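Welcome! Have a look at the sequence and the 3D view below, and then we will walk through a few places together.

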Amino acid sequence: MTEHLTVVKHPLVQHKLTLMREKDTSTASFRRLLREISLLLAYEITREMELTSKWIETPLQEMKAPILEGKKLALVSILRAGNGLLDGILELIPAARVGFIGLYRDPETLKPVQYYCKVPAELEDRLVIVVDPMLATGNSSVAAIDLLKEKGAKNIRFLCLLAAPEGVARMKEAHPDVPVVTAALDERLNDHGYIVPGLGDAGDRMFGTK
Ligand code: URA
């Protein structure tokens, strides 16, 4: 993946995102749409995975057929909202290894505070896809990727649903080697660090809290 930012313009992605943005969309619909959209975004972010080949036998003859190369990829969810993206991706890539990083955003400083980290072994040999629906200030995404790099990860991609220009710039500055894939690049952040026009608090909307 050569671009730092990829916006997935597929009509199904854009249509589902519009439904998710609407304030009256129910929790159940929001969650279902997120699962559907994450599957489509996962398709895009894995587009350039390395392939190798092996000999197989079809009912008709032998052939050399393509299969994924290397170790199983690692999905790393930034809690809690990242988990909403995880379900759909795991439907597409059920053999993926899964890690979790717990970071909450201090409401005053907007800085990330880590409270949990459990990630798969041998990160250095895996494609690592970090998932968080909202790339807002970029603080928690950058902190999560700092942590993964400390643990050896070298080939990292970041998957989100919505990105703010501020978050994209912060990621590009801190981790220029990490491509970002998103369904939309919105206008800006508001004074509370929310993406505008956005869709509100992704965690609250998917889990029905607040
Ligand atoms: N996190 C959210 O859930 N929504 C935003 O708009 C920004 C960060």
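This is a predicted model: local features need pLDDT of at least 70, side-chain atom pairs count only at pLDDT 80 or more; totals for chains, interfaces and linings use all residues.

## Around the ligand

Let's start at the ligand: one of its oxygen atoms lies 2.8 Å from a backbone N or O atom of Ala 202. Such a pair is a polar contact, meaning N or O atoms within 3.5 Å; within protein, one must be able to donate a hydrogen and the other to accept it, and residues adjacent in sequence count only if both atoms are side-chain atoms.

Residues are numbered from 1 along each chain as its sequence is written, and side-chain values use heavy atoms, with hydrogens and water left out.

Is Leu 135 buried or exposed? Leu 135 counts as buried because its relative accessible area is 0%; the cut-offs are under 20% for buried, over 50% for exposed and partly exposed in between (1.4 Å probe, protein chains only). Beyond its neighbours within four places in sequence, Leu 135 is in contact (heavy atoms within 4.5 Å) with residues including Phe 158, Leu 162, Val 180 and Ile 195.

Leu 135 sits in strand β8, residues 134–135; strands (E, at least two residues) and helices (H or I, at least four) are DSSP runs numbered from the N terminus. Strand β8 belongs to an open sheet of 3 strands with the order β8-β10-β12 and parallel pairing, where two strands pair if DSSP finds at least two bridges between them. The edge strands, β8 and β12, each pair on one side only. Between β10 and β12 there are 2 bridges, and Leu 162 has Ala 184 as its bridge partner in β12.

## Arg 35 on its helix

Arg 35 is found in helix α2, residues 27–45, and is partly exposed because its relative accessibility is 34%. Which side chain does Arg 35 join through a polar contact of 3.2 Å? That partner is Glu 91. Leu 86 is 51 residues away along the chain, yet its C-alpha atom is 7.9 Å from that of Arg 35.
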